[in-house]
Structure formats: C-alpha cells, structure tokens
Amino acid sequence: MKLNRTLAAVGSLAIALQMATAGNITGKVTLSGTPPPEKDITPLKDDAQCGKLHPGPVPKTQFFVVGPNHELADVVVVLQGDSLKGKSTGATAAPAELDQIGCIYTPQILAVQTGQKIHVKNSDPVMHNVHTTPTAPGNKEENRAQLAGGPDLTFVIPQPEDFLRFKCDVHPWMFAWVTVVDHPYFAVTGKDGTFTIKDVPPGKYKLVAYHRKAALKGIAKDVEVTADGAKVDFVAEVK
Ligand SMILES: [Cu+2]
C-alpha cells in the first residue's frame, strides 16, 4: 500500500513537472505577393432565398484573408512529431462549431481533433444540407439535411485529414474545409495572422503551416520547444 501511494505521488509529481515545463508556440504568418482578386459569388446573389440575405453588394469568395501588413488569416499550423501521434484528446474536448450564415459557411477554414464533436448550426431561414466528402481512409462520407431553424448537426471525424470538404448540395457555392489532427497541438491564424499553440510538451518537432490556396502542401520548420515556449513565423507565397 505504502509503495502504491509513493508511486502515485511520483506519478502526480511527474505530471505536475510536465505541465510546468510545457511551453506555448506563438508566431505570425504573412503573405508574400499579391493574391488574385476574390470572385463574386453571383449564384448566391441570384438565389431567390439566399439572395435576400445579402441586400448589399454581391458577396465574394474569401480565399485570401489578408491584413494591411500582409497578415494572412486561415492558415492551419500543425505540430508534427512521433511523440504526438495518437495523442488526441478530441473525445473530451469542447465541441468545435461551424455555422451557416447568409448561405455561407462560417468559418470556412476550421481545424479539429480526431474524435472531437463538430456542431454544425443553421442560422439561416433556409434549408441546407451538410455533405462531407472525405478522402482519407476511415473517414466516411455523410450527407444530412438541415431545415431552417433545425437542431445542430453533430459530426465526428475519426481519422486525420487535411482540408476535409464540407459542402451544401442545395447551394453549390457553399464550402468549408476542416483539417483533422490526431493531437491537440495546432491552431488557425486569425485576421492579424498570429497563432498560439498552447501547452506543448518540451521537445524537438516540425511545425507545418498550410493554406488552402497559398503553399498548399505546407511550409515545414524545425522547432524546439522549451518551458519558455518557442516563436516561429512563416511567409506564405502566392501560388
Ligand atoms: Cu445550403
């Protein structure tokens, strides 16, 4: 009994030490070059129901969300390393959220863990359907209707995949792209181009930045995380 208690105490201490030495990875992504102009989503404006939700100008695509100093949003930044594989905490993580607002997915770029719930909302007075078209083995296609004012739909993706497509067959311009990671160490850049990956166990890793339109295959950088964390910036090139 005494030994068991001692071992338990040592275990708790080890966990406490690991928490104490974990660091945050922070950084910023900027875009080099001039992105192509965004396209008008004319079929949305022309749609009898969805068009009414956009009384102003024709809504545009949001492929390159770039700030005044070239800050690039919607970049998925994922830590890679053998020690991280299979470390998903998705089953107990707070659900991620995708909404449909004005017949547009919000956000259009999302990252979640394997096994994490994704709640899809319908904020529109319009029927949508949520159709996933995965390509990774083990992720299955789903297609579910969602009435105006209907309850949230819940999706759970079991296997890692980059930019898994969510679409709406009623409105062919509607897409969201969900990257699924098998551990919790990833982030998506905000409008200011910055990201923070919290509580990373110390060690050497690769950090990879993916943008769906620029540098699609990802830019990888070596990173060493200490208790002080690490700082990594990326420059994405327009393709
Ligand atoms: Cu729709």
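Predicted model: local features only at pLDDT ≥ 70, side-chain atom pairs only at ≥ 80, totals over all residues.
**Entry on the disulfide**

I then searched for cysteine pairs with sulfur atoms within 2.5 Å. By this rule I counted one disulfide. Cys50 and Cys103 form it, and I read 2.0 Å between their sulfur atoms. I reminded myself that a disulfide is a covalent bond between the sulfur atoms of two cysteines.

I looked up the torsion about the S-S bond of Cys50 and Cys103, which is about -75°, so I wrote this disulfide down as left-handed. I placed Cys50 in the loop between helix 2 (42-46) and strand 2, and Cys103 in the loop between strand 3 (96-100) and strand 4 (105-106). The pair therefore ties together parts that are 53 residues apart in sequence.

I checked the accessibility of both partners. Cys50 has a relative accessible area of 0% and is buried.

I followed strand 2 next, which covers residues 76-80. Four of its five residues are buried, so I described strand 2 as largely enclosed by the rest of the structure.

Which strands pair with strand 2? I found three bridges to strand 12 (residues 186-188), in the antiparallel sense. I found five bridges to strand 14 (residues 203-210), which also runs antiparallel to strand 2.

I listed some residues that face each other. Val76 stands opposite Val188 in strand 12, and Val76 also stands opposite Tyr210 in strand 14. Gln80 stands opposite Lys206 in strand 14.

I wrote the order of the open sheet as 12-2-14-15, four strands with antiparallel pairing. Strand 12 and strand 15 (219-225) stand at the edges with a single partner strand each, so one side of each has no neighbour in the sheet. I noted that neighbouring strands of this sheet are turned by 20° against each other on average, direction ignored.

Which residues make the nonpolar surface patch of about 270 Å²? I wrote down Met127, Leu147 and Val170. I located Met127 in the loop between strand 6 (117-122) and strand 7 (128-133). Its relative accessible area is 39%, so I recorded Met127 as partly exposed.

Methods
Residues numbered from 1 in each chain as written. Heavy atoms only, no water. Patch = residues over 30% accessible without salt bridge, like charges linked within 9 Å, V, L, I, M, F, W, Y side chains within 5 Å. Areas by Shrake-Rupley, 256 points an atom, 1.4 Å probe, with all protein chains shown as cover. Salt bridge = Lys/Arg side-chain N within 4 Å of Asp/Glu carboxyl O. Helix = DSSP H or I, 4+ residues; strand = E, 2+ residues; numbered from the N terminus. Buried < 20%, exposed > 50% of the residue type's maximum accessible area, 1.4 Å probe, protein only. Pairing = 2+ DSSP bridges. Axes fitted to C-alpha atoms, helices over the stretch in contact; angles between N-to-C directions.
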